[in-house]
Structure formats: C-alpha cells, structure tokens
Amino acid sequence: MTNVLLVVFDSLRTDVVFGDRADTPNMSRWADEGASFTECIATCTSTTPSFASLITGCYPPAHGVIAMRGYRMAEMPNVATVFADAGYHTRAEVTGPLVEQTGIFSGFHTFNHRRIVESHAPDWPEYIAGLLRSLPRPWFVLLHVWETHRPYAAPPDFKPHRGAKGYIGAVEAVDGWIRPVVEEARKNSIVVLTGDHGERFAPNLLSDRLAALAREARSRVRFLHRFPALWRRLGEAAIGHGFTLDEAVVRVPLIIMGPDIRPVRVTTQVRHVDLLPTLCDLLDIPSPETQGLSLRPELSERAIPRPAYMRAVGLLGDTPVTGVRDGGFKLIRSAGRDRLFRLPDETTDVSTLEPEALDRLVRYLEQIESQTRGASGMTAREEQQVAAHLESLGYI
Ligand SMILES: [Zn+2]
C-alpha cells in the first residue's frame with residue numbers, strides 16, 4: 001500500500017509557490033510534476049482550527065474547534081482514525097499551538113510536538129527522512145513546518161529580516177531545507193504540500209513599524225478588545241493572520257504528487273475540506289462523511305462547483321468573521337453585517353447590485369453553520385439517525 005506524507009507549511013501564501021514573489025525552485029518543480037491547485041481555500045486563518053478542518057474534512061461548527069484555545073476537537077473520524085482503520089501506522093510531527101490538549105492528534109498512533117525553534121534546525125529534515133525510512137509501512141505522516149511563521153526563522157547563515165523580506169527569506173530557505181524530506185517520501189508515497197493559511201506581512205518599513213506598534217498596543221492597552229473592529233485590525237497587523245478573511249490569508253497552495261497522479265494545473269476553486277475525501281478516493285479507502293468532496297474530477301481536468309466556507313476566529317473565537325467564497329464572489333459576515341465583494345476587489349460592497357449571489361452565499365453560510373455538534377458530540381444528522389434507530393427499536 002502507498003504511504004502518505006502531508007506537509008503543512010505554516011502561513012504559506014499561494015503567490016510564493018505559484019507566483020514570482022519568491023525564488024522557490026523546488027516547490028515550483030513539485031508543482032509542475034504533480035497536481036497543483038492555484039485556488040485552494042483554507043477554512044480558517046488560524047493554525048489550530050485550520051488543522052482541525054484539514055484532518056476531518058469538516059468545517060468548525062461540525063468539528064468544534066472554533067478558537068485558538070478553549071475548544072477540543074470532537075471525537076469523530078479524521079485522517080488518523082481513517083488511515084489507522086485501513087492498516088496504516090499514523091504519526092504527527094507538529095509544533096506551535098498544536099498541543100495535545102487540542103484533541104486534534106489523539107487519533108494518531110504516535111505524536112511528537114517539536115519545540116518552536118528560533119532558527120531552522122539543520123538536522124531536522126534528516127531526522128524526518130530517517131523517520132520515514134524506519135516507520136512501519138504503510139504509514140501516514142503529518143508534518144507541520146513552523147519556520148515560515150513569524151518571526152520568520154532564518155537558517156543559521158542567513159541574516160534575519162522582518163516584514164516582507166523576512167517572510168520571503170524564510171520561505172526561500174524552507175524550499176531547499178525541506179527537499180530531503182519530500183524527495184525521500186516521493187520514492188514510494190503520495191505527498192501533499194499545503195499551507196494552513198496565508199500571511200499578511202508588512203510591505204514596507206513604515207508598515208513594519210506600525211505592526212510593531214499594533215503588537216505593543218494589543219499587549220498594553222487591555223480595554224481595546226471592547227472595540228471588535230479595531231481589535232481585529234490591530235490583531236491582523238500584529239500577528240499577520242487569524243483576524244480577517246482577506247485573499248492574502250485564505251488562499252494557500254495545494255500540491256498533490258503520487259505514483260498515479262499526472263501533472264495538471266487546476267485553477268478552479270478547491271478547499272481544504274476536500275483533502276480527506278480525496279486521499280480516501282485515491283487510495284481506495286472508505287471515506288467518512290465529510291463536508292468536502294474528492295478532487296478526482298479536477299485531477300482529470302473536470303471542475304465541479306465547490307463553495308468554500310471560511311472563518312476567522314481571532315484568538316478566543318468570540319467575535320468571528322465568517323464568509324463564503326464562490327463563483328467569483330466573496331461574502332463576509334462580520335458584527336452582524338453582510339457584505340459581498342466581486343473578486344479580486346475586496347473593498348466595494350456589491351450586495352445591493354447582486355442580490356442573487358448574496359442570497360446564494362448567505363444560504364450556504366447558514367447551512368454550514370447549522371451543522372453543529374451538540375453536547376453529545378454528534379452532528380444534528382447523527383443525532384437524528386440515532387433517534388430514528390431507537391424509535392425503530394421501540395425505545396422512544
Ligand atoms: Zn498557522
């Protein structure tokens with residue numbers, strides 16, 4: 001059976017892989033040699049809920065991780081349990097906020113949380129390549145690469161920079177640094193490369209200074225959080241992602257390479273929630289019920305409509321920004337107000353000009369938000385199924 005390596009680079013923007021913003025020869029080559037998706041939409045713009053969606057194929061209302069802290073993922077089928085049931089050894093190598101208490105990795109056979117490093121650890125890729133050679137086969141390995149996240153860790157011989165320069169430098173260094181891992185895995189595996197969300201970095205020195213001031217204000221002026229719109233603006237400037245659903249933070253690259261995957265470039269919209277059903281489909285493993293759809297049609301150059309639900313949770317999830325991206329439009333619901341944008345314009349509200357599009361996207365948003373898990377940990381549909389079963393047995 002074929003192994004699977006899923007590499008998630010923290011804060012990896014689409015344009016550093018598919019555009020000419022950064023010099024990433026390895027990622028560019030992998031994109032050319034595999035199936036590459038230039039319009040992949042991350043579910044959340046913060047690490048923890050984004051990973052929960054990636055591994056369950058479900059949106060936050062269904063998996064329950066609706067903030068960076070305080071919410072544990074519901075016990076439900078996910079990539080680890082599905083592959084374990086199919087006879088795979090499953091391992092997660094993660095870092096940053098992805099701690100055990102999130103419940104996201106409880107289904108993995110083995111789990112390792114790496115300490116956040118100040119610089120690229122020179123021997124980490126060799127350690128991972130060795131791990132891939134030694135694990136029982138077939139294996140499913142999830143890798144979380146933190147070096148592309150702020151403060152943009154630099155390799156030991158690289159002068160660190162902040163802002164755009166720091167980000168691009170970190171991405172370019174990671175491109176070569178991760179190569180031994182990807183090349184080792186490609187010998188006998190499906191390899192998936194993506195980002196958990198994008199990044200909004202300071203484009204110049206002035207914005208970099210403003211970002212530093214925003215960090216200062218957020219930590220010192222506590223009452224600012226009473227003004228949600230201002231709090232979000234400062235948060236996005238200070239942290240770089242997590243507080244908005246701007247294109248810079250929802251668009252991520254997605255590359256899938258494997259023995260039977262021929263090179264194809266897909267420019268239509270796909271979503272992170274499609275990954276689990278896709279892997280199951282490619283490997284002929286029964287897929288659990290998810291809110292995504294297999295990407296097999298796109299691998300054969302057929303596109304199907306895939307509206308994307310998105311959620312920015314900030315840190316505590318108490319004032320989320322939610323939205324839907326579909327058919328060239330983007331709906332943003334924030335502080336009880338709906339706005340509609342015709343992409344790539346993200347400033348002109350066209351909701352009164354496009355009532356049909358507004359209605360369609362609002363309906364999708366509300367449909368996804370109604371599919372929540374109750375206190376039982378079951379979805380409303382599962383609860384109904386259990387109720388029907390009990391009724392048929394004469395219990396209720
Ligand atoms: Zn992240």
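**Before you click**

This is a predicted model, where local features need pLDDT of at least 70, side-chain atom pairs count only at pLDDT 80 or more, and totals for chains, interfaces and linings use all residues. Residues are numbered from 1 along each chain as its sequence is written, and side-chain values use heavy atoms, with hydrogens and water left out.

**Stop 1**

Where they touch, domain 1 brings 41 residues and domain 2 brings 35, with contact meaning heavy atoms within 4.5 Å.

How much area is buried between domain 1 and domain 2? About 3,000 Å², with carbon and sulfur atoms giving 49% of it. Buried area here is the accessible area (1.4 Å probe) that two parts lose on being put together, summed over both.

**Stop 2: zoom in on the interface**

Now show side chains. Between domain 1 and domain 2 there are 13 residue pairs in polar contact, both residues at pLDDT 80 or more. A polar contact is a pair of N or O atoms within 3.5 Å; within protein, one must be able to donate a hydrogen and the other to accept it, and residues adjacent in sequence count only if both atoms are side-chain atoms.

On the domain 1 side, select β2 (35-41), α3 (60-63) and α10 (247-250): each supplies at least two of the residues that touch domain 2. Helices (H or I, at least four residues) and strands (E, at least two) are DSSP runs, numbered from the N terminus. The touching side of domain 1 splits into 17 nonpolar, 11 polar and 13 charged residues.

Select Glu 39 and Arg 325 to see a salt bridge at 3.0 Å, N to O.

**Stop 3**

Most residues other than glycine have a negative phi, and most peptide bonds are trans. Here are some exceptions to look at.

- Arg 137 and Pro 138 are joined by a cis peptide bond, omega about -10 degrees; find Pro 138 in the loop between α5 (124-134) and β5 (139-145).
- Leu 343 to Pro 344 is another cis bond, with omega near 10 degrees; Pro 344 is in the loop between β13 (337-342) and α13 (355-370).
- Asp 284 has a positive phi, near 60 degrees, and sits in the loop between α11 (275-283) and α12 (296-299).
- Ala 335 also has a positive phi, about 50 degrees, in the loop between β12 (329-334) and β13.

Are Asp 284 and Ala 335 buried or exposed? Asp 284 is exposed at 73% relative accessible area, and Ala 335 is exposed at 75%. The scale runs like this: buried is under 20% relative accessible area, exposed is over 50%, and partly exposed is in between (1.4 Å probe, protein chains only).

**Stop 4**

Side chains of opposite charge can pair when their charged atoms come close. The structure holds 28 salt bridges.

Start with Asp 32 and Arg 265, at 3.3 Å, N to O. Asp 32 is in helix α1 (residues 25-33) and Arg 265 in strand β8 (residues 264-266), 233 residues apart. Asp 32 is exposed at 51%, while Arg 265 is partly exposed at 40%.

Finish with Asp 281 and Arg 296, whose closest N and O atoms are 3.1 Å apart. Asp 281 lies in helix α11 and Arg 296 in helix α12, so this pair ties together parts 15 residues apart in sequence. Both are partly exposed: Asp 281 at 28% and Arg 296 at 39%.

Definitions and conventions:
A salt bridge is a side-chain nitrogen of Lys or Arg within 4 Å of a carboxyl oxygen of Asp or Glu. Ala, Val, Leu, Ile, Met, Phe, Trp, Tyr, Cys and Pro count as nonpolar, Asp, Glu, Lys and Arg as charged, and the others, Gly among them, as polar.
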